[in-house]
Amino acid sequence: AVAWRGCLIWDLPDDELEAFARRHAAWGYDVRLVEQEEIAALEPHLIAPPARAAYAAGDATVEPAAATRALLAAAERLGAVVRLDTGVTDLATGPGGVRVVIGAGTLEADICVIAAGVATETLCARIGVALPMRSSPGLLAHSTPAAPLLRHVIEAPGLHMKQEDGRIVAGEDFGGGPAPNDLDTEGRRLLALVGQQVRGAEGLALERVTVGMRPMPADGMPVLGFAPDLPGLYLATMHSGVTLAPAVGRFAAMEILDGVRIEMLAPYRPGRFRQG
């Protein structure tokens, strides 16, 4: 489910791109600026390589559905009970913690973790926890299998793209607006943009279009930690959830199971919304 392919980024103005590379390098991140000649060597099918890009050689991509299935299977092997296709109809609080009401009855637990993406705001509202969100759709166009054309993840102005299992996957940011009404037309438009930038990708056929809702707390920052005044409720929601999942999963486990409080998470606590 994970492919270590690296990433080329040039969807920022030049001064911001330089600051981006400098800032991440200072954090110990494997990123550096590369010039046009090296970009062309890294991605030989680019029709017009940019003058400069940030190159993150150690970046990886993950297929979220496959990774989720693998994690669920591992949890079951360790004794977890996984209930798929089970809707949560209500939440309630009480002396023993949080009760989760599902179609087949009620589940009671010492700690309830809500990591429900865009549904987190609605679930929290049922027990009086404020968590305002401004989620937005993200559309991806998936081509039919093609010859190997892209070696890295590409973040170009107006178009992000990668190739996995032969298929080229392309997407763009809607800027918070709604998804287009005609998804197939939008998907073909995105693949046409790929054909304008990648030699050999002209006339790519569209296999499918996927639209996912990106959970974004109202201030743009992650929400992670116990809900104020509800020690039995732990919240975890953010954009870039797949990217942050390894760190967030470890931090959440430490806070829930070991009773520690990780100070670097202090700016991201749910209580900041209660305080306005």
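Modeller: What follows sets some of the labels against their definitions.

Modeller: This is a predicted model, in which local features need pLDDT of at least 70 and side-chain atom pairs count only at pLDDT 80 or more, while totals for chains, interfaces and linings use all residues. Residues are numbered from 1 along each chain as its sequence is written, and side-chain values use heavy atoms, with hydrogens and water left out.

Colleague: Why is Glu255 called buried?

Modeller: Glu255 has a relative accessible area of 1%, and buried means under 20%, with exposed over 50% and partly exposed in between (1.4 Å probe, protein chains only), so Glu255 counts as buried.

Colleague: Which residues does Glu255 touch?

Modeller: Leaving out residues up to four places away in sequence, Glu255 touches Gly225, Phe226, Tyr234, Val260, Arg261, Ile262, Leu265 and Arg269, where contact means heavy atoms within 4.5 Å.

Colleague: What makes Leu17 buried?

Modeller: Leu17, which lies in helix α1 (residues 14–26), has 2% relative accessibility and therefore counts as buried. Among the residues that Leu17 touches are Ile9, Trp10 and Arg52.

Colleague: What makes β7 and β8 a pair?

Modeller: Two strands pair if DSSP finds at least two bridges between them, and five bridges join β7 (residues 97–102) to β8, so the two antiparallel strands meet that definition.

Notes. Helix = DSSP H or I, 4+ residues; strand = E, 2+ residues; numbered from the N terminus.
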